[in-house]
Structure formats: C-alpha cells, structure tokens
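Here is a short briefing to read alongside your structure. Please keep the 3D view open and find each residue as it comes up.

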Amino acid sequence: MQNQKPIILRMEEAEQELVDTVNAMIQKHSLPCFLVEPMIDKIHRQVINGKAAELAEAKAMEREGSADEN
C-alpha cells in the first residue's frame, strides 16, 4: 500500500486548487465578485448536504457494525 500525504497537506493543496479555479473562472467569464458569491453559496450548500449524507451513512454503518458484534 502506498503512503498517502497527510490529510492536512492534501486539504491545503485542494484549497489552493479551489482558489485557483475560482480565480480562473472569474477571469475567463469577466465576472465581478458580487455575482460569483451567490454561485459559491449555492455550491457551499450542496457540499453541506453532501456532508450530511456522508455523516448519516457513516452513522448507519457504525450502527450495523455494532449490531453485528452483538
């Protein structure tokens, strides 16, 4: 198994990629930040919903694992 980078380093790299991507999109489409903000807010809400789904799935898997042990 290959060693992965520590999650903190992967997070830092991902964050920089997000910033670079947003900046490139702003330049490509000549959009002012006040128009980009609602788009980012919409994406943020989608990420929050995805996180909630992941958390619910993890809890369900944990419950199933606990039930299997009994």
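Arg-45 is partly exposed, because its relative accessible area of 45% falls between the 20% and 50% cut-offs. In this predicted model, Arg-45 pairs with Asp-41 in a salt bridge, where the closest N and O atoms are 3.2 Å apart.

**Salt bridges**
- How many salt bridges does the structure hold? There are two.
- As background, side chains of opposite charge can pair when their charged atoms come close.
- Arg-45 and Asp-41 sit four residues apart in helix α2, so about one helical turn separates them.
- Asp-41, the partner of Arg-45, is partly exposed because its relative accessible area is 38%.
- Lys-5 and Glu-13 also join their side chains in a salt bridge, at 2.5 Å from N to O.
- Lys-5 has 45% relative accessibility and therefore counts as partly exposed.
- Glu-13 has 37% relative accessibility, so Glu-13 counts as partly exposed too.

**Surface patches**
- Which residues make the nonpolar surface patch? Look for Ile-7, Ile-8, Leu-9 and Met-11, which together give a patch of about 420 Å².
- Met-11, one of those patch residues, belongs to helix α1, which runs over residues 7-29.
- A negative surface patch is made by Glu-62, Glu-64, Asp-68 and Glu-69.
- Glu-69 is found in helix α2, which spans residues 33-69.
- Is Glu-69 buried or exposed? Glu-69 counts as exposed, because its relative accessibility is 71% and the cut-off for exposed is over 50%.

**The loop between the helices**
- Where does Ser-30 lie? You will find Ser-30 in the loop between α1 and α2.
- Ser-30 is not a glycine, yet its phi is positive, at about 50°.
- Ser-30 is exposed because its relative accessible area is 63%.

**A spot to check in helix α2**
- Ala-56 is placed in helix α2.
- With 44% relative accessibility, Ala-56 therefore counts as partly exposed.
- Between Ala-56 and Asn-3 there are 28 Å in space, from C-alpha to C-alpha, and the two are 53 residues apart in sequence.

**The chain as a whole**
- The secondary structure consists of two helices and zero strands.
- The chain has a radius of gyration of 18 Å, whereas a compact globule of 70 residues would come near 11 Å.
- Along the principal axes, the C-alpha atoms fill a box of roughly 60 × 30 × 15 Å.
- Of the 70 residues in the chain, 3% are buried.
- The accessible surface of the chain is about 6700 Å², and carbon and sulfur atoms account for 58% of that surface.
- The chain carries 8 positive and 13 negative charges, and their mean positions lie 6 Å apart.

Conventions. Residues numbered from 1 in each chain as written. Predicted model: local features only at pLDDT ≥ 70, side-chain atom pairs only at ≥ 80, totals over all residues. Heavy atoms only, no water. Patch = residues over 30% accessible without salt bridge, like charges linked within 9 Å, V, L, I, M, F, W, Y side chains within 5 Å. Areas by Shrake-Rupley, 256 points an atom, 1.4 Å probe, with all protein chains shown as cover. Salt bridge = Lys/Arg side-chain N within 4 Å of Asp/Glu carboxyl O. Lys, Arg positive; Asp, Glu negative; His and termini not counted. Charge placed at Lys NZ, Arg CZ, Asp CG, Glu CD. Buried < 20%, exposed > 50% of the residue type's maximum accessible area, 1.4 Å probe, protein only. Rg over C-alpha atoms; globule rule 2.2 N^0.38 Å.
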